[in-house]
Amino acid sequence: RHGPEAFECLAHLIAEAKAKDALAPVTVVSPSPYAGLSLRRRLAAGAGIVNVRFMVLARLAEYLGSPRLVAEGRAPLSPLIEMAAIREVGSEMIGTGPLGTIAEHPRLHSSLSRSFRDLDQLTDDQLKGVRMADPLRAQLVDWRQRFLELTIGYYSREELSWAASKGAQDGSAVAALRDLGFIIFHLAHDLSPAETSLVESLAKAGHCAAIIGVVGEESADQAARKLASKIGSALGPAKQEPDSKSIFEADHLVSVPDAVEEVRWVIRRIVKHAEDGQPFNRVAVLYQAGGPYQSLVSSQFRMAGIPLSGPDPVLLSETPPGKTLLLFLDLIESDYSRESVMRWLSESPISPSYGGLDSSTQVAVWDVASRNAGVLRGLGQWSERLERYGAALSSRIEISDPLDETS
C-alpha cells in the first residue's frame, strides 16, 4: 500500500542490499525529486543511511544510456531545440491539411510537443494505424516525421531509455551499474515501453527490485496490477499482495461559505496538529488544479506564518524581475517604440526618484514629453526629437521669462 507499508518495504529492501556490506551502493528511483527528498530525510531520521542515492527514472536512464548515444554523435534534445524544430515544421505546413490554418500558433506547438512524446512510445505498425485513422492524425504523423528529420542529431527521453536498456543487457553500462549498486524502483507507475524494458533488463541482471503501490480499491489499482503483471516475468511474482479493504477514509466533511474559509479551516486544523507535536513537513495539502486554491493556499499560509514546500504558484514572469526582463525584451523587439517604453516604465519596479516626483508622476511627464516631441520608435528618434523638443522649450522659456509668462 501507499504510505507506511510502502516505506517499510523500501527500508527493508535497502537493509537487504546492505546486509553484507553497510557501505554497498544503493540507488532509489523515486517518482519525483520531492518524493526522493522526503524519503531520504525519513530514512535518515531512523538508523541513518550511507551511500544511498535518490534520483528520478529519467536521471537513471541518462546514467546508463547517454554514453552510448554520445558515442554515436548525438546530443540530448533540449526543450529549446525541440520547439525550434516544431516551429520550423509549422512554417512548412502553413495552408496544408487540417492544421494548416493554425500551423504557426504557439498553443499548437506546445500541444504537438506533448503529442510527439506520446507517439515516441508507439511501434511502426501502431503509427501506421494512427496515420490511417483520419486526415488530422495523418498530418500529425507526417509532422512528427519531418520533426525527426530535423532533430536527427538529437535523442529524446524514450530513445535514452531504450539505450539504457540495451546498455544493461549487453554489459556496456557495467561501470555505471557498479557505481549505482542495487536499484530500487520505489512506487513505479506509468512506465513507457522503453522504461519497462529498462526495468526488465536490470531485473534479468539481478540489479533491481520494484515497489508498486496500491490503494486498496479495485478500479484505482488496475493500472498498478497491470504494471505488476507486465514486469513480473523478469522480477518474479509480487511477494506481498495487500487485501482489498481500504484504509484511507475521510474523517471530516466540512461545509464552508467559500474557498477562503475552507483554506482557513485547513490552517486551523494544521496548527492544532502542530500543537500536538505534528511537524509541518509531515503534512500535505491537496487541492484541485485550475481553481482558486493555488493562490489562496500560498497567500493564506504565508499570512499564518506556516512554511510551504513545493512549486511556487507565482510564475517567474509575474514577479517584478520577470516583468522587468520580459517587458524590456519586448521593448527591444519593438525597436524602442514609445508605447513599449512607456509600458516598461509604468509596469516595471523601477523608481528613478529625482526632482521630488514619484515614479508614477515621472512616467506621466515622460509620456507627455515624448508624445509632444513626436517620438514613434528607434533610439535615434528618442535622442534627436527629445533634444529638439528640449531646445524648443528652452527657447520659449527665454522669450516668455522676461514677460512673466513662463508656466
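Me: Where does tyrosine 336 lie, and why is it called partly exposed?

Reply: Tyrosine 336 lies in the loop between helix H14 (320–333) and helix H15 (338–347), where helices (H or I, at least four residues) and strands (E, at least two) are DSSP runs numbered from the N terminus. Buried means under 20% relative accessible area, exposed over 50% and partly exposed in between, with a 1.4 Å probe and protein chains only. The relative accessible area of tyrosine 336 is 21%, so this residue is partly exposed. This is a predicted model, in which local features need pLDDT of at least 70 and side-chain atom pairs pLDDT 80 or more, while totals for chains, interfaces and linings use all residues. Residues are numbered from 1 along each chain as its sequence is written, and side-chain values use heavy atoms, leaving out hydrogens and water.

Me: What makes the phi of tyrosine 336 worth a remark, and which place does asparagine 51 have?

Reply: Most residues other than glycine have a negative phi. Tyrosine 336, although not a glycine, has a positive phi of about 55°, and asparagine 51, also not a glycine, has a positive phi of about 60°. Asparagine 51 sits in the loop between helix H2 (33–44) and strand S2 (52–55), and its 39% relative accessibility makes it partly exposed.

Me: How do you know whether isoleucine 152 is buried or exposed?

Reply: The relative accessible area of isoleucine 152 is 66%, and because exposed means over 50%, the residue is exposed. Isoleucine 152 belongs to the loop between H7 and S4. Its C-alpha is 18 Å from that of leucine 112, a residue 40 places away in sequence.

Me: Why is the pair of aspartate 170 and arginine 68 called a salt bridge?

Reply: A salt bridge is a side-chain nitrogen of Lys or Arg within 4 Å of a carboxyl oxygen of Asp or Glu. The closest N and O atoms of aspartate 170 and arginine 68 are 2.3 Å apart, so the pair meets the definition. The two partners link distant parts of the chain, with aspartate 170 in helix H8 and arginine 68 in helix H3, 102 residues apart. Arginine 68 is partly exposed, at a relative accessible area of 27%.

Me: What makes arginine 74 count as buried, and how far apart are its closest N and O atoms in the salt bridge with glutamate 159?

Reply: In the salt bridge between arginine 74 and glutamate 159 the closest N and O atoms are 3.0 Å apart. Arginine 74 lies in the loop between H3 and strand S3 (75–76), whereas glutamate 159 lies in helix H8, so the pair ties together parts 85 residues apart in sequence. Arginine 74 has 19% relative accessibility, which falls under 20%, so it counts as buried. Glutamate 159, at 33%, is partly exposed. The whole structure holds 15 salt bridges, and Glu92, Arg146 and Glu149 are linked in a network of them.

Me: How many residues make up the largest nonpolar core, and what makes a set of residues a core?

Reply: A nonpolar core is a set of buried Ala, Val, Leu, Ile, Met, Phe, Trp, Tyr and Cys residues joined through side-chain atoms within 4.5 Å. The largest one has 28 residues, and those with the most contacts inside it are Leu60, Leu64, Ile183, Phe185, Leu198 and Leu202. Its largest share, five residues, comes from H3. Apart from this core lies another, of 15 residues, including Phe7, Val28, Val52 and Ala209. Beyond its neighbours within four places in sequence, phenylalanine 185 is in contact (heavy atoms within 4.5 Å) with residues including Val29, Leu57, Val199 and Ile211.

Me: Which residues lie nearest the centre of the second largest pocket, and how is its lining divided by class?

Reply: A pocket is an open set of points on a 1 Å grid, with protein on both sides within 12 Å along at least five of seven lines, and lining residues have an atom within 4 Å of a point. The second largest pocket is lined by 39 residues, of which Arg117, Ser156, Arg157, Glu158 and Glu195 lie nearest its centre. H8 gives the most to this lining, with five residues. The lining comprises 20 nonpolar, eight polar and 11 charged residues, where Asp, Glu, Lys and Arg count as charged, Ala, Val, Leu, Ile, Met, Phe, Trp, Tyr, Cys and Pro as nonpolar, and the others as polar.

How values were computed
On a 1 Å grid over the protein atoms alone, a cavity is a set of points where a 1.4 Å probe fits but cannot get out, and a pocket is an open set with protein on both sides within 12 Å along at least five of seven lines; lining residues have an atom within 4 Å of a point.
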